[in-house]
Amino acid sequence: MFGPRITTVFQSRWKALFWSASMLLTAYCSVPSADEDTAKPKVEKHVNPWAKDGH
């Protein structure tokens, strides 16, 4: 596996705090903010030019 073994992480309080802080930082950096979705331009619905009723 990647990283340290779980049994060695929790042998020390400081190692456990460092590990949990790194997990929180990873989660914070990997989830996009809600503002990024509003920056995208709105895509209009495609209109079929060959449709008889104009839809």
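Me: Among the elements of the protein chain, which has the lowest mean pLDDT and which the highest?
Reply: In this predicted model, helix H3 (residues 35-38) has the lowest mean pLDDT, 59, whereas H2 has the highest, 90. Where pLDDT is low, the predicted coordinates should not be read in detail. For the protein chain, the average pLDDT is 78, and 78% of the residues score at least 70.

Me: What is the order of the elements from the N terminus on?
Reply: The order is α-α-α; the protein chain has three helices and zero strands.

Me: What makes Ser 12 a cap of the N-terminal end of H2?
Reply: A side-chain oxygen of Ser 12 lies 3.3 Å from the backbone nitrogen of Trp 14. A polar contact requires such atoms to be within 3.5 Å.

Me: Why is Lys 15 called partly exposed?
Reply: Lys 15, which lies in helix H2, has a relative accessibility of 47%. Buried means under 20% and exposed over 50%, so Lys 15 counts as partly exposed. Leaving aside neighbours within four places in sequence, Lys 15 is in contact with Thr 8 and Val 9.

Me: How many of the residues of the protein chain count as buried?
Reply: Of the 55 residues, 4% count as buried. The accessible surface of the chain comes to about 6,000 Å², of which 64% belongs to carbon and sulfur atoms.

Terms used:
Residues numbered from 1 in each chain as written. Predicted model: local features only at pLDDT ≥ 70, side-chain atom pairs only at ≥ 80, totals over all residues. Heavy atoms only, no water. Polar contact = N/O pair within 3.5 Å; in protein donor to acceptor, adjacent residues only side chain to side chain. Helix = DSSP H or I, 4+ residues; strand = E, 2+ residues; numbered from the N terminus. pLDDT = per-residue confidence, 0-100. Buried < 20%, exposed > 50% of the residue type's maximum accessible area, 1.4 Å probe, protein only. Areas by Shrake-Rupley, 256 points an atom, 1.4 Å probe, with all protein chains shown as cover. Contact = heavy atoms within 4.5 Å.
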